[in-house]
Amino acid sequence: MGEKTVVIFDFDHTIIDDDSDRWVVSELGLTHLFNQLRSTLPSISLMDRMMKELHSQGITTNHIADCLKRAYLHPSILSSIKSAHSLRCDLRLISDANTFYIKTIMEHHGAWECFSEVNTNPGYVDEEGCLRIIPFHDSTLPPHACHLCPPNMCKGLVIDRIRGSLPENRRFIYIGDGIGDYCPTLKLKGCDFVMPRKDYPLWDQISSDPKLVNAEVHEWSNGEELENTLLNLINKLGIA
């Protein structure tokens, strides 16, 4: 049914109900240091610094993984991912989190293999066993020049690359919540759909001037609504 449908998920506040960075910082006792440094460092450098602090305290990547596995993922969101995959949709993920967080959580819930591609900030364990996080957009390259997006990642450029790699008849469903999801929303066409989480920054931005968005807008508030809306849209596209 969904062979010509590309479903793109954000991660924080979309697949999981929390911000994964804040979850780790809070659960592992670094909130005070995080708040001290947050105004002095870019977000990815800040989280890399937090990982170094955890390592210096003897907190291992296994501890971090155990913490991530406790993050709440609504059962309906998990089933929506697995259902969309079983309907042969092409599932992609674009996130400002990092590969270590996302892979740990999605493998824990048995959904990592549902995604054909994950675009996020690289996270890797160095030779000393410390989790390191680096920007998706290589800082040695010229800036991506998008004024809507943070320096480390323009999700709109990722959408452009994905669309350019696929046949023209592909239809997109984009699911997100944050202000970083607005740029890719503007890249969607009239035949596409965007699913902003109600009363979150993406929804607010779309609502402030709806005519700027070409895609059809379908809001959601919780896991059940996301699942029902997504599967209805997939069904609609399958019939079209």
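Mentor: A salt bridge is a side-chain nitrogen of Lys or Arg within 4 Å of a carboxyl oxygen of Asp or Glu. Keep in mind that this model is predicted.

Trainee: How many salt bridges does the structure hold?

Mentor: Side chains of opposite charge can pair when their charged atoms come close. The structure holds 16 salt bridges. Take D90 and R92: their side chains meet at 2.8 Å, N to O. Both D90 and R92 are buried.

Trainee: Which residues join D90 and R92 in one network?

Mentor: E117 and R161 do, through salt bridges that share partners.

Trainee: Where in the chain do K155 and D181 lie?

Mentor: These two form a salt bridge, also at 2.8 Å, N to O. K155 is in helix α7, while D181 is in the loop between β6 and α8. They are 26 residues apart, so the pair links distant parts of the chain. K155 and D181 are both buried.

Trainee: Is K211 buried or exposed?

Mentor: K211 has 69% relative accessibility, so it counts as exposed, because exposed means over 50%. Its salt-bridge partner is D209. D209, at 22%, is partly exposed.

Trainee: What about the nonpolar residues?

Mentor: In soluble globular proteins, nonpolar side chains tend to be buried together. Here the largest nonpolar core has 54 residues. F9, I15 and M50 are among those with the most contacts inside it. Helix α3 gives the most to this core, with 6 residues.

Trainee: Why does this core lie between domain 1 and domain 2?

Mentor: Because both domains give residues to it. A second, separate core has 17 residues, including I94 and L188.

Notes
Residues numbered from 1 in each chain as written. Predicted model: local features only at pLDDT ≥ 70, side-chain atom pairs only at ≥ 80, totals over all residues. Heavy atoms only, no water. Core = buried A, V, L, I, M, F, W, Y, C linked by side-chain atoms within 4.5 Å. Buried < 20%, exposed > 50% of the residue type's maximum accessible area, 1.4 Å probe, protein only. Helix = DSSP H or I, 4+ residues; strand = E, 2+ residues; numbered from the N terminus. Domains from an automatic or database assignment.
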